[in-house]
Amino acid sequence: MDNLASESIVQLSQVTKRIGGRTIIDKLSLELSEGEVFGFLGPNGSGKTTTIRMMVGLMSLTEGDVVIRGSSIRTDFENAIRHVGAIVENPEMYKYLTGYQNLLHYSRMVPGVTRGRIEEVVELVGLKARIHEKVKTYSLGMRQRLGVAQAILHKPSLLILDEPTNGLDPAGIRELRDYLRQLAKEERITVFVSSHLLSEMELMCDRVAIIQTGRLIDVRSIRSEGAAAVAVSRVVFEVDNAQEAVRLLAEYGAALADGAVSVEAGRETVARINAELVRAGLNVYGIRTVSKSLEDQFLEMTGGETIV
């Protein structure tokens with residue numbers, strides 16, 4: 001996927017946070033590429049919000065560093081943070097002003113933002129028809145989109161969103177998902193998003209990092225060539241003697257599954273297994289792939305802990 005071959009925008013290196021002798025985040029290292037939507041998943045209390053607060057300078061790091069576009073959050077905060085747009089918790093807006101007036105007001109605090117840029121982001125987040133109406137008339141989804149517009153006014157390299165779909169209805173979630181993917185593609189913004197909605201992360205993200213008790217468990221690719229794809233596949237072989245096949249395929253970790261043989265394998269391995277079964281004189285009646293959803297993978301790795 002071209003996103004992952006792109007320039008690295010953000011590096012989290014051995015990021016650690018200790019509070020009162022307790023380790024909240026333990027040596028977390030991640031690298032984010034230009035133009036990718038990167039998901040951040042973890043059970044309740046795993047440290048997602050703490051990590052985000054450190055990334056935007058709202059909380060100090062005990063050890064490690066966050067480098068954004070070559071500038072360290074620890075030693076060169078001003079240069080690092082100018083590459084960041086963020087919504088931590090809910091976007092704050094003046095409800096008695098219009099959406100446009102809110103953006104205009106915010107633009108006066110950020111050097112270099114023109115009226116042309118305001119029009120551009122309004123178009124990008126799909127608020128053109130309602131931008132001159134008061135924010136108090138906006139739905140929650142529209143306020144989220146206005147918040148995203150505000151966060152990207154200064155053309156950041158990194159957009160950080162902490163649980164942006166909270167409180168949104170299914171239509172609002174879909175709209176936000178589509179705008180975030182559009183932003184990543186058209187503006188080449190790296191989007192770093194935490195969420196407890198696994199199915200949405202699967203549709204929205206290029207990659208996801210899974211953390212548990214402050215430690216990185218895994219980073220998984222979700223998309224391939226721009227289309228939704230799963231990172232792990234379970235392949236089921238239907239044969240005439242499943243028990244014998246499991247014995248033959250012990251090195252592949254084969255197991256019995258409803259009278260068939262189940263193996264986790266890639267394309268090349270599937271072909272090799274098929275050839276071995278045929279050579280052993282077993283009849284292969286069918287081969288099918290059973291995809292693991294992101295939720296299956298998550299629950300498998302975290303032992304079924306609740307996600308928040």
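Which residue in S5 is the bridge partner of Ile 68? That partner is Ser 71. This is a predicted model, in which local features need pLDDT of at least 70, side-chain atom pairs count only at pLDDT 80 or more, and totals for chains, interfaces and linings use all residues. Residues are numbered from 1 along each chain as its sequence is written, and side-chain values use heavy atoms, leaving out hydrogens and water.

**The sheet**
- An open sheet is built from 4 strands in the order S2-S1-S4-S5, with antiparallel pairing; strands are DSSP runs of E, at least two residues, and helices are runs of H or I, at least four, numbered from the N terminus.
- Strands S2 (22–33) and S5 (71–72) stand at the edges with a single partner strand each, so one side of each has no neighbour in the sheet.
- S4 (residues 63–68) pairs with S5 over 2 bridges, where pairing takes at least two DSSP bridges.

**Helix H1**
- In H1 (residues 48–55), 6 of the 8 residues are buried (under 20% relative accessible area, 1.4 Å probe, protein chains only).
- Among them are Ile 52, Met 54 and Met 55.
- After H1 comes Gly 57, with a positive phi near 80°.

**Helices H3 and H4**
- H3 (residues 99–107) and H4 (residues 115–124) pack at about 135°, their axes 11 Å apart; axes are lines fitted to C-alpha atoms over the stretch in contact, and angles run from 0 to 180 degrees between N-to-C directions.
- Tyr 100, Leu 103, Leu 104 and Ser 107 of H3 meet Arg 115, Ile 118, Glu 119 and Val 122 of H4 (heavy atoms within 4.5 Å).

Technical notes: Buried < 20%, exposed > 50% of the residue type's maximum accessible area, 1.4 Å probe, protein only.
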